[in-house]
Amino acid sequence: MRAILTVIGKDKVGIIAGVSQKLAALEINILDVSQTIMDDYFTMMMMLSMDKNSDFEKIKAELNEVGKDMGVSIKVQNEEIFNAMHKL
């Protein structure tokens, strides 16, 4: 299964490292990543690949906790849902 992860928040050292380390611990592969800093705000989008039997709700909860600890917003959505929501 593929998923889209977004991270938004005030820029600070360690955001990419923290998110990447958690994804590795969850055995989730990063397929693609795009990140930028706009003024003092960090934004990142990742395309992820995970086992189709992964506990998606648990993954979302764990990434949400990482975001809270770092002071950023982390959202993850199934790619199919993300694509359906962004079609015109």
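Predicted model: local features only at pLDDT ≥ 70, side-chain atom pairs only at ≥ 80, totals over all residues.
Local features need pLDDT of at least 70 and side-chain atom pairs count only at pLDDT 80 or more, while totals for chains, interfaces and linings use all residues. Numbering starts from 1 along each chain as its sequence is written, and side-chain values use heavy atoms, with hydrogens and water left out.

Select residues 56–70, helix α2 (helices are DSSP runs of H or I, at least four residues; strands are runs of E, at least two; both numbered from the N terminus). α2 has 15 residues and reaches 21 Å from first to last C-alpha, close to the 21 Å expected at 1.5 Å a residue (1.5 Å times one less than the number of residues).

Now colour F56, I59, L63, V66, G67 and M70, the buried residues of α2 (buried is under 20% relative accessible area, exposed over 50%, partly exposed in between; 1.4 Å probe, protein chains only). They cover an arc of only 100° around the axis, which puts them on the same side of α2 (the arc is that of the directions from the axis to the C-beta atoms). On the other side, E57, K68 and D69 are exposed.

After α2 comes G71, with a positive phi near 75°.

Next, select β4, residues 73–78: I74, V76 and N78 form its covered face, and S73, K75 and Q77 its uncovered one. Six bridges join β4 to β1 (residues 2–10), and the two run antiparallel (pairing needs at least two DSSP bridges). I8 stands opposite S73.

Finish at T43 in strand β3 (residues 41–49). T43 is buried, at 18% relative accessible area. Not counting residues up to four places away in sequence, T43 touches V7, I8, S34, Q35, T36 and M38 (contact means heavy atoms within 4.5 Å).
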